[in-house]
Amino acid sequence: MEHSREISNDLVKEVIKIRRYLHKYPEISEKEYNTCKYIRNYLNNIGINNKVIGKTGAVGTLIKDKDLPTVAIRAEIDALPINEENTFEYKSKNNGVMHACGHDGITAVVLGLAKLLSENKDKLNCNVKFIFEPAEEVGKGAKKLIEEKVLEDPKVDNMIIFHFANSDTIGMEIQKHISTATIGRVSINILGKSSHWGDAKEGIDAISISGKVLNIIDKMNNSLKDKGPFILGIGMINGGVKNNIMADSVRLEGTLRAVGDDKFNYLLNYLKEKMKILSEESGAKIEVNLESKLPSVVNDYNLVQIGRKIGEDIFKERFVLGEKVYLAGDNAAYYFQKTPGIRMVFFAKKENEINYPLHNSKFDFNEDIFYYELSTIYQMILNI
């Protein structure tokens, strides 16, 4: 694998230093005040105009020529409410908060790119906007920043986002088209009829019916594989008031994840139809509600072609142009509905070590990826 001559060892060391500082001092969604201050101080020190956006986010702009198009690169800055169990020196000092999703590394790379691009401004054919998004983990950041006109003044013409995964050795993947799942928060409310268990025939048992709901969901997951990849999973179930009283109500809450809106809508309607049949059979009232929905991130064809060429040059056989979608979501989908964008995944497995997954209290990744990541995104911005 190769990297650009401009990516110096000193720059990589600086990115590592930034990442480790941010990892040590994580802040949860909508509380990223010190993180925002750190980002803005760094941008000020390298001469990039910036401002606060979304109360705890920041945006910096590098203007080459106001008549040129603008490329934006997004970094999420929030951490998760997880108590870190790693033992390295830069583990979280904020109890109960951890960068368990790689946002510390993403932010560090974007700050490193800001420095690199400001030092090589003469090579740019565009303006560059650096978006540091708060509250991504709770799905609020993108909408909030769009409302505050982050894609305007100057207007964003193309956008780059990227993530880390530690499931494979150093490499890169771009999805051909759909890059993340359409995700919905789903609730199922069962309204039966309470009675004393000594007179069970007078009641309609919502708990028993909830078991039938779960069986239907299991059958959906196993029998509709032609609609996959998808998952309908229940994460919460609540019902009942006392051990000797038949429960008159149960509420189930879960997630529906599918590749694209069409398949998502088909599966949601399928669930609703099955619940209607069960309602008629059981005598209970059953409601399926879509509490919230996040659309899929869809990669722009032209940006995929540029990214593919650069990825193959830098990563050789470790570059993958993928079609299988991991059932994760990203509120960057809202940006991509307004401007062409590309989502890239960089693999950074730590060799000869146990690699814990995203959102795990021992999550970490191989910082060697920074060389190749900086080179890839730098070349992307020069070639868009």
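This is a predicted model: local features need pLDDT of at least 70, side-chain atom pairs count only at pLDDT 80 or more; totals for chains, interfaces and linings use all residues.
Local features need pLDDT of at least 70 and side-chain atom pairs count only at pLDDT 80 or more, while totals for chains, interfaces and linings use all residues. Residues are numbered from 1 along each chain as its sequence is written, and side-chain values use heavy atoms, with hydrogens and water left out.

Reader: How many disulfides does a search of the whole structure find?

Author: A disulfide is taken as a pair of cysteine sulfur atoms within 2.5 Å. The sulfur of cysteine 36 has its closest cysteine sulfur in cysteine 101, and because 20 Å lies between them, they are too far apart for a bond. The search of the whole structure accordingly gives a count of 0.

Reader: Is cysteine 36 buried or exposed, and what is its relative accessible area?

Author: Buried means under 20% relative accessible area, exposed over 50%, and partly exposed in between, with a 1.4 Å probe and protein chains only. Cysteine 101 counts as buried at 15% relative accessibility. Cysteine 36 is likewise buried, and its relative accessible area is 5%.

Reader: Which residues does serine 282 touch, not counting those up to four places away in sequence?

Author: The C-alpha atom of serine 282 is separated by 9.0 Å from that of aspartate 205, 77 residues apart along the chain. With contact meaning heavy atoms within 4.5 Å, the residues that serine 282 touches are Ile204 and Ile209.

Reader: Which backbone nitrogen does the side chain of serine 282 reach?

Author: A distance of 3.2 Å is found for this approach from the side chain of serine 282. The nitrogen reached belongs to the backbone of alanine 284.

Definitions and conventions. A polar contact is a pair of N or O atoms within 3.5 Å; within protein, one must be able to donate a hydrogen and the other to accept it, and residues adjacent in sequence count only if both atoms are side-chain atoms.
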